[in-house]
Amino acid sequence: MSAPFAFTLALGDDALIAAQRLAEWSTRAPEMEEDIALANIALDQLGAARLLLTYAGELEGAGRDEDALAFLRDDREFRNCLLVELPNGDFAVTMAKLLALSAYQLPLYTALAGCADERLAAIGGKARKESAYHLDHAALWVKRLGDGTEESHRRMQAGVDQVWPYVHELFAAQPEAPIDPATLRGDFDATVAAVLAEATLAVPQSGWAPAGGRDGVHTEHLSYLLAEMQVLHRAHPGARW
Amino acid sequence: MSNALAAVAAVVDPEIRVVTIADLGILRSVEEDPGTGRVVVTITPTYTGCPAMDVIRADIRRALAAAGHVDAEVHTVHSPAWSTDWITDAGRAKLAAAGIAPPAPVRRDGVVPLTLSVRCPRCGSPETEQLSQFGSTACKALWRCRACSEPFDQVKAL
């Protein structure tokens, strides 16, 4: 697997799996505005996923298009980080996940916008504007819940604590990739620390750091997500409407 | 304006039907090969996941065919990324007339602007509040006017 292909596939898978998880909130969010917001963010992630997976297919050169990559791979062939496949949990956990994801994707896409690869630069230039809105949305909720009632504070802190072990995988060094994710950690830490401070929440201690997503070794949750996401395409190959 | 350009420029956005794709800045170019008559249209999406793109492509082909151009191709480009600054003055006026607040200018440092005062498109009052940064389509936010109590959409700066 070439470095640009592996890198582009991993980014596309991050966005695709995040989109699928966020879409699970449709009709279940705590209020209608939030339902619409999460569906919108899911749609942005899906848009980025389609561009990235289409390009990954071209880089691979084996004739796989976005649909073949999204619907016809099994869990061991997915390269997304573990963070995005974790179950949604309660709303606080979802917001902790979205904060982590967008605080990673924003500097990533911003760096991509200036990289030498023209296609990745175009995708980064487009997606970073949307990521800024995602980060803003997650930060608003983390602050509101963290600096809210005793109960909302407790649950927001629990959400951040639950998600934190999974953020380290995002920044594993990939020196040969178009952008080395390790270079994004400082930006991520500064963004998250500022949001958590304003939310009166503690930055968790870093310890256990599960990984494996980039090598196709996932949690048990991914298979169930893929089963739901892929069933229609696999039952009716090439289905259109 | 060529016949092909006029036909494509008049295509209406499928989700905000008061403005055309030219008004929104989605339409980037229309080129007609003088020899073969083949028309190549280039468009750019507002948001990466904009679900209206397929309909827009189909509408462009239909408009060109109706204007006598059956040999047409629609390309989609993502760079430079669409910005709400590309919405024309005419487009902004049409949005406002339809009760949709036009976007504020995008800040040049790339940071998402926190618009302090969006005027209510119905009564003109600056006493408005944002209900949600995400509205009925990917490109709109949801606001409410405190003066006339009407909720309204705003095209958010991007």
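Two strands are taken to pair if DSSP finds at least two bridges between them; helices (H or I, at least four residues) and strands (E, at least two) are DSSP runs, numbered from the N terminus. This is a predicted model, in which local features need pLDDT of at least 70, side-chain atom pairs count only at pLDDT 80 or more, and totals for chains, interfaces and linings use all residues. Residues are numbered from 1 along each chain as its sequence is written, and chains are lettered from A and ligands numbered from 1 in the order in which they are written.

**Sheet of chain B**
- Three strands of chain B form an open sheet of mixed pairing, in the order S1-S2-S3.
- Its edge strands are S1 (27-32) and S3 of chain B, each pairing on one side only.
- S1(B) and S2(B) are antiparallel over 5 bridges, and Val30(B) stands opposite Val41(B) in S2(B).
- S2 (residues 39-43) and S3 (residues 72-76) of chain B are parallel over 5 bridges, with Ile43(B) opposite Thr76(B) in S3(B).
- From S2(B) the chain crosses through helix H3 (residues 53-66) of chain B to S3(B), a β-α-β crossover that is right-handed (with the strands pointing away from the viewer, the path from the first strand over the helix to the second runs clockwise).

**Domains of chain B**
- Chain B is divided into domain 1 (3-76) and domain 2 (99-155), with bounds from an automatic or database domain assignment.
- The centres of domain 1 and domain 2 of chain B, taken over C-alpha atoms, are separated by 28 Å.
- Their contact (C-beta atoms, placed from the backbone, within 7 Å) takes 6 residues from domain 1 of chain B and 4 residues from domain 2 of chain B.

Terms used: Contact = placed C-beta atoms within 7 Å.
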